[in-house]
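Please look over the sequence and the 3D structure shown here before reading on.

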Amino acid sequence: MKIVDAKVVLTGPGRNFVTLKVETDEGVTGLGDATLNGRELAVVGYLRDHVVPLLLGSDPHRIEDTWQFLYRGAYWRRGPVTMAAIAAVDTALWDIKAKVANLPLYQLLGGASRDRVRTYGHASGRNLPELFDSIRARLAEGYPAIRVQTGVPGLKLVYGVRHAQDPGLGARPVVEDWDTGAYLRNLPRVFDAVRQEFGPDLPLLHDAHHRLTPSQAARLGKDLEPYDLFWLEDCTPAENQEALRLVRAHTTTPLAIGEVFNTVFDYQTLVSEQLIDYVRSAVTHFGGVSPMRKLFDFAAQYQIKSAIHGPEDISPVGMAAAIHLDLAIHNFGIQEYSGHTDLTNAVFRHAYTFTDGHLHPGEAPGLGVELDEELAAAHPYEPAYLPVNRLQDGTVHDW
Ligand code: GCO
Ligand code: MG
């Protein structure tokens, strides 16, 4: 079997997605997600100009060899653009192999370790009444666990929700404002109110989005202990892995990190010193299914579980790959799931299902996703950026 073509499909059905479609001489095709929110065109160029020409004529069954060839062969290692491009190839080749075997991908990963995949959904509000409504809406949709984000008194915007794009901005990022002190004072009060309203049993999560110093994160983790969080996510910008030693020493609030990480090296200290409880990478940004499997096996030796990144900017192709892994690995923790719009689901028809707050990859051979290229072409890419964050004196802060 030979790869005869590979197309990079850029589409914007409400938001932008980059998809690689690998075609073989036997007519079997495979899909991979390479969406890098706000930097999509860099991955399109990397794939189109530097990866696709190298794939032509090669054997799609040689997944590990192709991965090593693209990773080591580039000489310039790691980074989100490179690893998103390699992820798309790796995922597409797994899709092809599983289709040839006529099995859903999870069967090639060892088969199901569970019957269904538990998820968490996002709730947010500018104030408590709005937040409670949002939590109730997620519960009504069946979510068994909820991520709680909230406005901070004195700040204009709630982070982590899509803001209406100001038409005057053109393709410029929305600017949010931030005050760490106000946030640290407010958040324990919010979780206290949520616990009083929704009781002790509902699993609650919170994402600090890399905004704190180690000592601030340690204090927040401690202040939130009475509210028994499922996890506190991305409490510091964790490029400095050693910083987590301080956080860990001061709080038993479980910690989740890794959605912006690209390789297992970013986790070396965090995992081997058991400084976190959940690894959060996305198949799409971590080089694909193959390295994710290795990451989970590494993490399992330290009782650390999976929590694959699953916001809307992971396409249904990337979500499907995540759900197959979730079903197969033993150390599954939870799957983030925001769902997609009907239009996105029409562009990417998928076999995976969401029922009673749980996902299942379905039994279609491969990933179980089909790309409607005509519909994709009818919704072109439009430049869009993630917000940026500034302190009240104008200093840029982590978003
Ligand atoms: C999450 C994330 C996302 C990111 C987004 C950036 O936990 O789901 O923090 O909402 O902000 O993926 O593109
Ligand atoms: Mg996050």
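## The model and its metal site

This is a predicted model, and the magnesium ion (ligand 2) in it is coordinated by Asp207 (OD), Glu233 (OE) and Glu259 (OE), at 2.0 to 2.2 Å. Along the chain, the donors of this magnesium ion follow the spacing D-x25-E-x25-E. Asp207 lies in strand E7 (residues 204–207) and Glu233 in strand E8 (residues 231–233), so this pair ties together parts that are 26 residues apart in sequence.

Asp207 has a relative accessible area of 2% and is therefore buried, since buried means under 20% relative accessible area. Glu233, at 0% relative accessibility, counts as buried too.

The axes of helix H2 (residues 63–73) and helix H3 (residues 80–101) come within 10 Å and cross at roughly 165 degrees. Because angles over 145 degrees count as roughly antiparallel, H2 and H3 are described as roughly antiparallel to each other, and their crossing is right-handed.

On the H2 side, the contact is made by Ile63, Thr66, Trp67, Leu70 and Tyr71, while H3 contributes Met83, Ile86, Val89, Asp90, Leu93, Trp94 and Lys97. Sorted by class, the contact of H2 with H3 has nine nonpolar, one polar and two charged residues.

## A buried residue in a strand

Thr19 is found in strand E2 (residues 17–24), and with a relative accessible area of 0% Thr19 is buried. Leaving aside residues up to four places away in sequence, Thr19 touches Lys7, Val8, Val9, Leu31, Gly32, Val317, Phe348 and Leu371.

Terms used: Residues numbered from 1 in each chain as written. Chains lettered and ligands numbered in written order. Predicted model: local features only at pLDDT ≥ 70, side-chain atom pairs only at ≥ 80, totals over all residues. Heavy atoms only, no water. Helix = DSSP H or I, 4+ residues; strand = E, 2+ residues; numbered from the N terminus. Buried < 20%, exposed > 50% of the residue type's maximum accessible area, 1.4 Å probe, protein only. Contact = heavy atoms within 4.5 Å. Donors = N, O, S within 2.8 Å, 3.2 Å for Na, K, Ca; no water. Axes fitted to C-alpha atoms, helices over the stretch in contact; angles between N-to-C directions. Parallel < 35°, antiparallel > 145°, perpendicular 65-115°, else oblique. Left-handed = near helix turned anticlockwise from the far one by under 90°. Nonpolar A, V, L, I, M, F, W, Y, C, P; charged D, E, K, R; others polar.
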